[in-house]
Every structure is written in structure tokens, then in C-alpha cells.
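Trainee: I have a structure to go through before I set anything up. Can we take it in questions and answers?

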Amino acid sequence: MSIDFSQRWAWAEVHTGIIQHNIAVIAERIAPTDVWAVVKANGYGHGAVQVAEAALTAGAGGLCVAIVDEGVALRRAGIQAPILVLSEQPAELAPLLVGYALTPTVATTLGAAAVATAAQDAGREVGIHLKVDTGMHRMGAQPAEVLGIAQFVSSHPLLSTEGLYTHFAVADEPAHEANARQLGQFTGVIDNLAERGITPPVIHAANSAAALANPAARFNMARIGIATYGLLPGNGVAHECRGLIPAMSLKARVSAVRWVEAGQAVSYGLRTPLTSQSLVATVPLGYADGVPRRLGHEGGHVLINGAPRRIAGTVTMDQLMVDCGPDSSVSVGDEVVLIGTQGGHTVTADDWADLTGTIGYEIVCGVSPRIHRRYL
Ligand SMILES: Cc1ncc(COP(=O)(O)O)c(C=O)c1O
């Protein structure tokens, strides 16, 4: 018997048409730079396969993932577009990279050698992307090491340096001096390789913020993550992100209601007594579904019957409570919008992030697998 778990009274809606819209807006804004959609972490929580298909339909030239597993899952779903794995992978995984035609990132000669062995075993040519650490200090060859690695790659009959790239640490603050410094390091590496006759055809540096805010960082490809999903890379690039629309809504239905007297408090810790008699609505999702536990203490609201309502007290693992004040119209089964729009009001993942001291990225990635995604 197949069981349909999608009937749970808490779900996410992902508008793949909005993903397409966002990719099209970005592609037009940064043309002729090629847009590659970053779909790691299950498409930032939105569903990697569905986002990948939407992005490719809208004109993305390729996809980026963080780990081999994510690339394999896309291939198994039938996606044939280029897929770049964004950091050098353990040598043991090189056969999978090659076997599934994933584009490896190389940052060391040892890493290149592992890909070379896998290429030889499979009898396949492999184009790698060589990553340079220009100042983020997370992943990549030091600028002085790049030539040696590129020469190793060139000397191998089955390998080629198809791409050269770097990653910015503060692209969301376009005026930060580190952006120019990193770009200077990167162009230095490009020039140095060119002097030795090595000219990788694909050059990329930009994430969403850099692609939209820093034309000098565009080169011929950009790795677009958060903007694909319609969220802000940071408040410093809000203007450059105009026209992008959040693609995910988080919704639920009221599962219980009760009147609670003034002076009584709600939820674990009984921290904040109600100032007047209120209708308290219970909503059946909690921090195990990705709603931050402290959202209620930081002024978080949900939308019910077209109005913003305060989350009352601590968000629990599977449920949260909402203070509907004296409004007796709220009843079991009413739709609750946690992230999204209802009655002309909108709550975004970025709003939750601002309240809880994080970024929208973490909020959408945190919408747990327990939440069924409905694709619209
Ligand atoms: C190497 C790399 N490139 C691109 C991106 C996409 O960044 P964004 O989501 O800010 O566009 C990421 C995401 O963290 C990344 O790690």
C-alpha cells in the first residue's frame, strides 16, 4: 500500500515558475555571462532536481553542487547538463566524479592526480575546474601554486583545465576593499597562466551578490545560488536584487484553538504572560521542521485569515502557538502562512533571518525533509 504523507497540515510550496523568472531576470542583467544555478543542499531546501530543471529551462548553462552525492542524485534523475562539484573531493570519490560525468574542482596536484587515475581507469577525458584561494581561505590553491597544478593537468593526456575560478568572502558588501583585492589576485593568476599559454575557456568568480553588483567580477560564467531562490545575499545588494521573487512559501493549518486567560503564559518555560484573554491557535510544525525555536521570543509573526499574528512563546519541536488576541474567527483548519503572502501581508525567510540573527540561506536550508514540498 502506498501512503500519501503529503496531506500533513504543514507543507512548503515551491513555485518553479518563480525560479524560472529569477533565472531569466539574472541572466538578462548579467548577459552575456553564463548563469549556472547553484543547487547544493537540496536546492537551498527547495528541491535540487525541480530547481535544476526549472533553472535549465530558463536558460542556465549548468549546475553547481557541493558534494558528489548531490551530483549523482541529479544524474540519476536524468539531468544531463554540466554539473560542477564546488570543492575538491576525497580521492576515493574520483571514480564517482568521472563515472557520473561530474566536473571536478581541483585545488591540489594530489587532487588532480586522483582525477587523472579515475579518468585513465574509465578511459574518459575529464575537464576540471581549478579553484584559486584569493582571500576567502576556505578552498582553493594558493595563487603561487596554480601554475604548477595547471601544468600537471596540461601534461596529462586525459585532463584539461576547462575552468578557473575563485570565490569572494564579502561580495554582499560591494564596497568592501577585499573584493578588489581578491579580484586583483585572481586576474594576476589568469595573466600568469596566459603568459605560459594556459587559457582556461571558462572563468568564474561571482556568486549572486558579485554577479549582480560587481560587473568586473562576471567573467564568462557566474554561480548563482541565493538569487535563484529570490532571497537576498545581503542587505547591501537589495537594489541589485530588485525584481527577484522568493520561490518558497511555508504553510500549515491551525490544528487546535483554545481561549487562554490574561496572566497565563503559553508554551515551554511559560515565559511571557498574556496581557489579555486571547484565542491561542496551535500550528503543527516546529523547530524539527525548520522554524527557529526562538522565533516567538524575537517578535516572529505568522499570517492567519489575512492578518499578522504573534507567535506566542517558545516554538516547540513539532508545534507552535499563535496569539490571535480577541479574534474568535480563527478556527481549526484555517490556513497559516509562516513564510509567504496572505491578505496583502508578506513574511519572508529574510525576515526570520533578521529576527533570529542569521541569513535567509540558513532559514531555507533548514526547512527539514519532514516538510513535504508541493511544486506549483
Ligand atoms: C563556491 C560557491 N560558489 C557560489 C555559491 C553561491 O553563492 P550565493 O548563494 O551567494 O549565490 C556558493 C554558496 O555558498 C559557493 O560556495
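**Hairpin, sheet and ligand shell**

Mentor: This is a predicted model. In the hairpin of β13 and β14, two residues lie between the strands, and N305 takes a positive phi near 50°.

Trainee: How many bridges join β13 to β14, and in which sense do the strands run?

Mentor: Strand β13 covers residues 301-304 and strand β14 covers residues 307-311. H301 stands opposite R310 in β14. The two strands are joined by four bridges and run antiparallel.

Trainee: Which residue of β15 does R310 stand opposite?

Mentor: β14 also pairs with strand β15, residues 320-323, in the antiparallel sense over two bridges. Within β15, the residue opposite R310 is D323.

Trainee: Where is the cis peptide bond, and what is its omega?

Mentor: Most peptide bonds are trans. P32, in the loop between α1 and β2, is joined to A31 by a cis bond. Its omega is about 5°.

Trainee: Which residue of β4 is the bridge partner of V65?

Mentor: Strand β3, residues 62-65, runs parallel to β4 and is joined to β4 by three bridges. For V65, the bridge partner in β4 is V85.

Trainee: What is the handedness of the crossing between α7 and α8?

Mentor: The axes of α7 (residues 143-155) and α8 (residues 177-195) come within 10 Å and cross at roughly 30°. P143, V146, L147 and A150 in α7 meet Q185, G188, V189, N192 and L193 in α8. By class, that contact has six nonpolar, three polar and no charged residues. The crossing is right-handed.

Trainee: Which elements give two or more residues to the shell around the ligand?

Mentor: The residues around the ligand are V38, L86, H167, N207, S208, A209, R223, I224, G225, I226, A227 and P233. The elements that give two or more of them are α9 (208-213) and β9 (221-224).

Trainee: How does that shell divide into nonpolar, polar and charged residues?

Mentor: The residues of the shell include V38 and L86, as well as H167 and R223. By class, the count is seven nonpolar, four polar and one charged.

Trainee: What distance separates the centres of the two domains?

Mentor: The chain is divided into domain 1 (16-232) and domain 2 (248-347). Taken over C-alpha atoms, their centres are separated by 42 Å.

Terms used
Residues numbered from 1 in each chain as written. Predicted model: local features only at pLDDT ≥ 70, side-chain atom pairs only at ≥ 80, totals over all residues. Domains from an automatic or database assignment. Near = placed C-beta within 6 Å. Nonpolar A, V, L, I, M, F, W, Y, C, P; charged D, E, K, R; others polar. Pairing = 2+ DSSP bridges. Axes fitted to C-alpha atoms, helices over the stretch in contact; angles between N-to-C directions. Left-handed = near helix turned anticlockwise from the far one by under 90°. Contact = placed C-beta atoms within 7 Å.
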